[in-house]
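Visitor: Hi! I've got a structure to look at and a few quick questions. Could you walk me through it?
Guide: Happy to. Let's bring it up.

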Protein chains: 2
Amino acid sequence: MMDTAAPYEFDADTAVRPVGPNLYMGHITPRWNIGPVPNGGYVMAVGMAALRAALPQPDPVTVTAHYLRPSVPGPVRIHVDTIKVGRRYATGVGQLHQNGKETVRLLATYGDLGRSVGPTHVAGAPPPLPPPETLAPLPVHSGLEFGHRFEMRTTALGFEPGRATGPAEVSGWVRFADRRHPDVHTLGLIADAFPPAAFQVLAPGWVPTIELTVHVRAHPASEWLRCVFRTRFIFGGLLEEDGEIWDEGGTLVALSRQLAAAPR
Amino acid sequence: MMDTAAPYEFDADTAVRPVGPNLYMGHITPRWNIGPVPNGGYVMAVGMAALRAALPQPDPVTVTAHYLRPSVPGPVRIHVDTIKVGRRYATGVGQLHQNGKETVRLLATYGDLGRSVGPTHVAGAPPPLPPPETLAPLPVHSGLEFGHRFEMRTTALGFEPGRATGPAEVSGWVRFADRRHPDVHTLGLIADAFPPAAFQVLAPGWVPTIELTVHVRAHPASEWLRCVFRTRFIFGGLLEEDGEIWDEGGTLVALSRQLAAAPR
C-alpha cells in the first residue's frame, strides 16, 4: 500500500507517487483480483491516478485503455506523456509497465465538468430497479477478492446460456464496501465491476478486455450508483459491452463501452 | 494526391508513403472538407493507412482518435509506434502532425477478423429502411465538399430543434460516390460521415469531435451500407453519438461512439 494514511481502499490501492520526470510508481494489489488477475477497471484507475496528477484539468471526460498483457499484483511504473494542454481540455497518454513490459496503454482527455455549459436533451433513463435496500446483496464467489470491495444489489441474474433473443443485460446498484463516495476517478473501475452481461447468454468463461473506453459525463452525487450493462453483438470471437452509470438522483454520470474476446 | 494511379478517391486521398523509420507522409486533401475543416473520420482514415502499413495484423478491430487541433488541407506527417505484437492482436499508436503540431493521436488494436471464432448471439437488427433505390439522395449543401464523396439515401431528416423527447437519430444508406467497395479501412470514415444526429433536436452548429472510437466487427460484403446514429445525452456541453454500420446482407460491420462538444 502506497499511503497507509489513505482511509479508503480505492484511494490506498490506486495511489501513485512521482519518481521522476513524467514517471510515477503505483502498486497493483491483489485485493481487486478476479481469480489470479487484477480487474481491468482497477488497473485503469491506477493509471488514471497518474494522469490525474500530471494533467492540469480535473475530470477524465474520455479515457481509453488498451490491455496489452495481463497485469499482476505488484509494483507498476507509469509513464505519463502530456500531449496537449488547451484552454478547455488536456490530453495525455499513460503507459503502465510491470516487470519491464508494457501492460496497459491509456489515452485520455481531461476537462472540467463543472465549467461546461450548453443545451440539454436527455433521451434515456436509469435502469428500472427497486431501491437498493429492498434487494439482496449479490453473493461473492469464494476466491473473488474483487467482490469484497463492493456491495452490489441486483435483481435476479439468471444465467441462460443459449438464450435465443434479446440483449444480454445486467443491471444493479453498486457502492464501495467501505462506503467511499464515488467520484469521477472511480468510474472506470465501476464500468468494469459487474459480472459480464454476456454471461446471461453464454456459459461463463474468460472474457479478456481488449479495449475499454469510459466517458465521464457528470460528478456522481450519491453513494449508490445504478448501472446497466448490455451486450448485443457476440460473434466472430468478439463482443462489446455497453454500460450506463447513473447516480441515485437520476443523473447519467458515465457511459462505457468495451471490446472483449468472447469465451471460446 | 500521393498516388495518381489509385483509382478511387478514398485510396488516393488516404495514401501514405514511408519516409523513415516509423514515419509516413500523407496528404490531407480538401475534398473531404466540412466547410473549411477536413472531416474527422477522413483524417482518422489517413492515420489508419499508416497503422495498416506498420502493423502485422490486417483488420482494425478497435481504433480510438483524440482530436487535439483542427486538421488543415496539406501534408501530414504520421509517426507510428508499434507497442505490442501478440499472436492474435497488434497494438499501435499513430501521431499525426501538421505544421509542426500534433493534430490527432490514434490508439488502435488490429487483428484478423477472418480468423476469429466463437459463439454467436446477435440481439440487434439493421435500422429499418426501404431499399436505397426507393429513397431520394440526400442533397449536398453548397460548399460541402465532403458531401460529393458519397451517395446517401435517407428517410426524412426533419430538424426539430427543441424536440422534447426521444433520442436524436439519423439513419440511412451510404455508398462511395465513385462506387468504391467499402472495406474495414473505410469504416472510421463512414462512422463520421452522416450529419450529426444531434441536429435532429438542436439548431445546427459546430460539433467538434473530442474522441471517436470505432470497433470493426466484420468485413462489409456490399457496396451500400446502412447506418444509424443516435445521441441520447446532450448536457454539460457534451454529447455522445453512437453509430451502427451494417452491410446490405444484415451483418453488423462496425460500432462507433464519439464524444463531441455540444453547440453552444
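Guide: Let's begin with Arg179(A), which counts as partly exposed because its relative accessibility is 42%. Bear in mind that this is a predicted model.

Visitor: Okay, and where does Arg179(A) lie?
Guide: Arg179(A) is in the loop that runs between strand 11 (168–176) and helix 3 (187–190) of chain A. Its phi is near 65 degrees, a positive value in a residue other than glycine.

Visitor: What about Arg179(B), what is its phi?
Guide: Phi of Arg179(B) is near 65 degrees, again positive in a residue that is not glycine. In chain B, Arg179(B) sits in the loop between strand 11 (168–176) and helix 3 (187–190). With 43% relative accessibility, Arg179(B) counts as partly exposed.

Visitor: Let's switch to strand 10 of chain A. How many of its residues are buried?
Guide: For strand 10 (residues 150–154) of chain A, 5 of its 5 residues are buried.

Visitor: Which residues are on each side?
Guide: One side carries Phe150(A), Met152(A) and Thr154(A), and the other has Glu151(A) and Arg153(A); both faces are covered.

Visitor: Now the interface. How much area is buried between chain A and chain B?
Guide: About 5,700 Å² is buried between chain A and chain B, with carbon and sulfur atoms giving 59% of it. His121(A), Arg217(A) and Arg257(A) supply 14% of the area that chain A buries against chain B, more than any other three residues.

Visitor: How many residues does the contact take from each chain?
Guide: It takes 63 residues from chain A and 63 residues from chain B.

Visitor: How many salt bridges are there across it?
Guide: There are 4 salt bridges across the interface of chain A and chain B. One of them joins Arg217(A) to Glu240(B), with the closest N and O atoms 3.2 Å apart. On the side of chain A that touches chain B, the residues divide into 30 nonpolar, 18 polar and 15 charged.

Visitor: Which strands are joined between the chains?
Guide: Strand 14 (residues 233–235) of chain A and strand 9 (residues 121–122) of chain B run antiparallel and are joined by 2 bridges. There, Phe233(A) has Val122(B) as its bridge partner.

Terms used. Residues are numbered from 1 along each chain as its sequence is written. Chains are lettered from A and ligands numbered from 1 in the order in which they are written. This is a predicted model: local features need pLDDT of at least 70, side-chain atom pairs count only at pLDDT 80 or more; totals for chains, interfaces and linings use all residues. Side-chain values use heavy atoms; hydrogens and water are left out. Contact means heavy atoms within 4.5 Å. Buried area is the accessible area (1.4 Å probe) that two parts lose on being put together, summed over both. A salt bridge is a side-chain nitrogen of Lys or Arg within 4 Å of a carboxyl oxygen of Asp or Glu. Ala, Val, Leu, Ile, Met, Phe, Trp, Tyr, Cys and Pro count as nonpolar, Asp, Glu, Lys and Arg as charged, and the others, Gly among them, as polar. Two strands pair if DSSP finds at least two bridges between them. Helices (H or I, at least four residues) and strands (E, at least two) are DSSP runs, numbered from the N terminus. Buried means under 20% relative accessible area, exposed over 50%, partly exposed in between (1.4 Å probe, protein chains only).
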